[in-house]
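Student: Could you go through this structure with me, piece by piece? I'll ask as we go along.

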Amino acid sequence: AATGGSTTVRQVKLDKECELRIETSLDSPLRLRLLTGTAEIFGTEIPPEIWLTIPPRLKFAVFTWYGATIEMDGLTETDYTADETPMISYINVHAVLDGRRNRAKASPSDSDTSQGPRVVVVGPTDSGKSTLSRMLLSWAAKQGWKPTFVDLDIGQGSITIPGCVAATPIELPIDPVEGIPLEMPMVYFFGHVTPSANIDHYKVLVKELAQTLERQFSGNAESRASGMVINTMGWIEGVGYELLLHAIDTFNATVILVLGQEKLCSMLKDVLKNRPNVDVVKLQKSGGVVSRNAKVRQKARGYRIREYFYGPSNDLSPHSNVVNFGDLFIYRIGGGPQAPRSALPIGAEPAADPTRLVSVSINRDLLHLVLAVSYANEPDQIISSNVAGFIYVTDVDMHRKKITYLAPCAGELPSKYLIMGTLTWIEN
Ligand code: ATP
């Protein structure tokens, strides 16, 4: 039963294979510790005795394989114990993946068999895709593997801010509070929170990311054998479904985990039936997954962007910088006015190239936009380049031709080429 509302320190005894599902309060953190037994948060074991401070608004579960006592201190929105979870089926998947990693490791010289599992996690919104991805990565890291986490979900973004496709190696179980470590993520900026804003551009970025990882793997047997876990979007109908197939193809996926949707699973089984090296596996959705409506998702995006600039526990201080218009070169991809028919060779049809690079002149429309700083050396490399980070435009002074922006650190930007989309943020 839900027992929110109490501020006193309290203990919860969990039987084996049970979990304590918690939503922390909207404005205050929760302290939690493991008193007896063993327990994990989304695949990462929690240390005994030590108080963990869980930030506000987090939805998570403390699961135990063999039984545990948990102590909590602070308010929660809800907390309740569940004895029915799909965890056994999830750990069984992990065991199969682990076997494949071992086989890959045993044949390092063969380019085919040395490749560990490439797992794509699919399912509708709020089916627990990010959570399952995280558990599989943490369990693998605990075993000493260095799997690569690929996040194609531009709507939320668990590696960096929304509007990006990104990848990062996971070398240690993911910290329940700090999240994915950000030492060396490979990030491509799409700039919109839904792929329908520019499907072709989205596909180009997914392909660039896959090719970059493929190059890295070719020189790194350990990463190669560890494989990848690829989180996808909850958009699974129509074009969303096409994009799933595109991702499966582009990353040469070998295992597709389908969460909580019979129809999607049978569709994928059918279209992939001629590929004996691809397994499509249906998994049950956890009853603990919390549904989020459009408004909650939008808020979560704002928090993610805030976190980028201010840190997960408000521990970073971003810098405000003022530069001249002429110091920055801003581009967007696709759209914009087409060439007039009169400017085209006779017989040619005007076509809007969705991946065309368009130079943007600086004006007040840039206010509150989040822009990406490209690693490109030349404008024509922008579309295929990953990004160094992001800035947030806080003022545009048309009179003095100066632009003010927030950046995670002081000093000059790593490049003068910026990419603009439709990603905005209102700081509050
Ligand atoms: P999206 O539609 O954004 O792709 P998703 O399918 O990836 O969502 P998750 O992000 O994994 O879903 O889960 C949704 C929310 O539910 C998250 O806040 C997550 O922390 C929470 N959650 C998942 N599993 C549990 C659980 N067993 N107990 C409590 N909370 C959970």
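Student: Which elements each supply at least two residues of the shell around the ligand?
Tutor: In this predicted model, β2 (18–24), β7 (59–64) and α2 (129–142) each supply at least two residues of that shell.

Student: How many residues surround the ligand, and which are the closest?
Tutor: The ligand is surrounded by 21 residues, and the closest are Ala61, Thr125, Ser130, Thr131 and Gly288. Sorted by class, the shell around the ligand holds 11 polar, six charged and four nonpolar residues.

Student: What does the UniProt annotation "binding site" cover?
Tutor: According to the UniProt record, which is an unreviewed entry, the "binding site" annotation covers Glu19, Lys59, Asp126, Ser127, Gly128, Lys129, Ser130 and Thr131.

Student: Switching to α6, which of its residues are buried?
Tutor: In helix α6 (residues 262–271), the buried residues are Leu264, Cys265 and Leu268. Viewed down the axis of α6, these buried residues fall within an arc of 100°, so they line one face of the helix. On the other side of α6, the residues Glu262, Lys263 and Asp270 are exposed.

Student: What covers the buried residues of α6?
Tutor: The cover over the buried residues of α6 includes β10 (118–122), β15 (255–259) and β16 (279–283).

Student: Now β12, how many of its residues are buried?
Tutor: Six of the six residues of strand β12 (residues 164–169) are buried, so β12 is largely enclosed by the rest of the structure. Cys164, Ala166 and Thr168 point one way from β12, while Val165, Ala167 and Pro169 point the other way, and all are buried.

Student: Which strands does β12 pair with?
Tutor: Strand β11 (residues 148–151) is joined to β12 by four bridges, and the two run antiparallel; here Val150 has Ala167 of β12 as its bridge partner. β12 also pairs in the antiparallel sense with strand β13 (residues 186–189), over four bridges, and in β13 the bridge partner of Ala167 is Met186.

Terms used:
Residues numbered from 1 in each chain as written. Predicted model: local features only at pLDDT ≥ 70, side-chain atom pairs only at ≥ 80, totals over all residues. Buried ≥ 20, exposed ≤ 12 C-beta atoms within 10 Å, placed from the backbone. Arc of directions from axis to C-beta. Contact = placed C-beta atoms within 7 Å. Pairing = 2+ DSSP bridges. Near = placed C-beta within 6 Å. Nonpolar A, V, L, I, M, F, W, Y, C, P; charged D, E, K, R; others polar. UniProt positions renumbered as here; feature names shortened; annotations may be inferred.
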